Amino acid sequence: MEILLIRHGQSYGDVEDRHEGLADFTLSPKGVSQAEKIARFIYQNYPLNRVYSSPLERARETADRIAEPLQIPVYEEPGLTERDNGKLSGMLRSEARIQFPYPSEGRAYYESLHGGESELQQRLRVEAFWARLCHEAPARRIGIVTHGSTINLLFQSFLQLPNDSHVFLSTAEAGIHFWNVHQKYRQIMFNNYQEHLKTEI
């Protein structure tokens, strides 16, 4: 089973430099353009058989643009949402740095984030989606449109890493990762690909 993981395009939350979390920002004009470039790249090079998406608007908008030329539906998966960041949701980062400074000793993966989820809680729901996907293998090539932190946790699940592995996979706006899950091995074809964004629509 081939899997393309896609981070959504730029949102208005990104433009305004806000903590997003479950705050439901839509795509900015730049984000719409990024989503269209992703859609064209995938349609021309890696046509998908199925698309899953976080239900948050910025991801769903991106997924809809990917699925449209392929004429396939988008399946929303609650397990793919961004981490619930509690009181930080929708807050300007400049304000959050004053009201909720990051602890100097760091934050354990099992500690909740200002009334929201802990990283462990997010990992559990991501892991549940991942386990179901690998067990069912519903299509030969699958697209997953989601958020940076969720992609990082999917990467940990893909590599079968423990919760405290301290491995982090960076994903830029509209970045694409391509992995292969085989019965006998797991293969990374590429990570955080962005060359598609250099093309003109």
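Let's start with helix 2 and helix 3 (residues 57-70): their axes come within 8 Å and cross at roughly 35°. Helices here are DSSP runs (H or I) of at least four residues, strands (E) of at least two, numbered from the N terminus. Axes are lines fitted to C-alpha atoms over the stretch in contact, with angles from 0 to 180 degrees between N-to-C directions. Contact, by the way, means heavy atoms within 4.5 Å. On the helix 2 side you'll find V32 and A35 among the residues involved, and on helix 3 they include T62 and R65.

This is a predicted model, where local features need pLDDT of at least 70 and side-chain atom pairs 80 or more, while totals for chains, interfaces and linings use all residues. Residues are numbered from 1 along each chain as its sequence is written, and side-chain values use heavy atoms, leaving out hydrogens and water.

Now for the charges. The structure holds 11 salt bridges, each a side-chain nitrogen of Lys or Arg within 4 Å of a carboxyl oxygen of Asp or Glu. Here are some of them:

| Pair | N to O distance |
|---|---|
| R141 and E2 | 2.7 Å |
| R125 and E117 | 2.9 Å |
| E20 and R58 | 3.5 Å |

R141 sits in strand 4 (residues 141-146) and E2 in strand 1 (residues 2-7), so this pair ties together parts 139 residues apart in sequence.

Is E20 buried or exposed? E20 counts as buried because its relative accessibility is 9%, and buried means under 20% (exposed is over 50%, partly exposed in between, with a 1.4 Å probe and protein chains only). R58 is buried too.
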